[in-house]
Every structure is written in structure tokens, then in C-alpha cells.
Amino acid sequence: MNSLLISLCQKQKLDLNNIICLQGQANYTKFFFVDGTPIIVAKTLKLFEKSLDGIDINHFYRPNKTYIINLAQVKKIECIDSVMQVELTNDIKFSISRRKKKDFISLTQSYFKNN
């Protein structure tokens, strides 16, 4: 289970549970942490998404092309004119892509039901 994300966290002495979200910025990924410190890594968001597929962490989800979020860090979900918007604990707000809206609803319902 040597994923890119786990390797990065071990190298930087980071806890996966302290990640609020990952934000893709061209060929870089910016990590946002609970303590407010950001880290920028010269890897694409897609690489981190693939690395999450291989590990048993069910609380990370990619709701659109820009973010991978930690569901435990969701502060608010609301629907405005049929657009689903999410606000994270660090006040980042974004929309769920239309294609992932159904999947996100079922995932969050089961996630929040179990946690």
C-alpha cells in the first residue's frame, strides 16, 4: 500500500486526517491542512486521485476537476438553483460537477450516516 499520498505524508510527517482538501493547479497540487499550513507539490491532482484508489481511505472524494476533499472536513452542503455547493472547514467553497452530483449525494448520505 505504498501510495504517493501516503509516501508524501510519511516524508513530511503529516496525518492524512488533517488534510482538508487538495487543489489542482496545472501540474501542481496544493494541500490545505487543518492547522492552516498549505503545501504545494509538483505532482498533478490526477496522480493523487489514483494513489487514493489503492488505499482503504473512504473519506476522500473528487467532486470536480479542481479538488479532492476530505468528507470529514465538510462544513456545509447546499443547493442553489440546482447547483450543489460545498463549503469546507477552511471556508473554501466550490460546486459539485453535474456528472458527480448523484454520486456525491449518495456518498455523503452514507458517510455522514456512519460517522
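Colleague: Before the terms, what are the ground rules?

Modeller: It's a predicted model, so local features need pLDDT of at least 70 and side-chain atom pairs count only at pLDDT 80 or more, while totals for chains, interfaces and linings use all residues. Residues are numbered from 1 along each chain as its sequence is written, and side-chain values use heavy atoms, with hydrogens and water left out.

Colleague: Why is Cys21 called buried?

Modeller: Buried means under 20% relative accessible area, exposed over 50%, and partly exposed in between, with a 1.4 Å probe and protein chains only. Cys21 has a relative accessible area of 0%, so Cys21 is buried. Cys79, at 47%, is therefore partly exposed. Across the chain, buried residues make up 39% of the 115 residues.

Colleague: What makes S3 and S4 edge strands?

Modeller: Strands are DSSP runs of E, at least two residues, and helices are runs of H or I, at least four, numbered from the N terminus. Two strands pair if DSSP finds at least two bridges between them. Five strands form an open antiparallel sheet, in the order S3-S2-S1-S5-S4. Strand S3 (38–41) and strand S4 (60–61) each have a single partner strand, so one side of each is left without a neighbour in the sheet.

Colleague: How do you know that S2 and S3 pair?

Modeller: S2 (residues 28–33) and S3 share four bridges in the antiparallel sense, against a requirement of at least two. Within that part of the sheet, Phe32 stands opposite Pro38 in S3.

Colleague: What makes the largest nonpolar core a core?

Modeller: A nonpolar core is a set of buried Ala, Val, Leu, Ile, Met, Phe, Trp, Tyr and Cys residues joined through side-chain atoms within 4.5 Å. The largest has 16 residues, and Cys21, Ile69, Leu88, Phe94 and Phe104 touch the most other members. S1, S5, strand S7 (83–88) and helix H3 (101–114) are the elements that give two or more residues to this core. S7 gives the most, with three.

Colleague: Which residues is Leu88 in contact with, leaving aside neighbours within four places in sequence?

Modeller: With contact meaning heavy atoms within 4.5 Å, Leu88 reaches Ile20, Cys21, Ile69, Gln73, Val74, Lys75 and Phe94.
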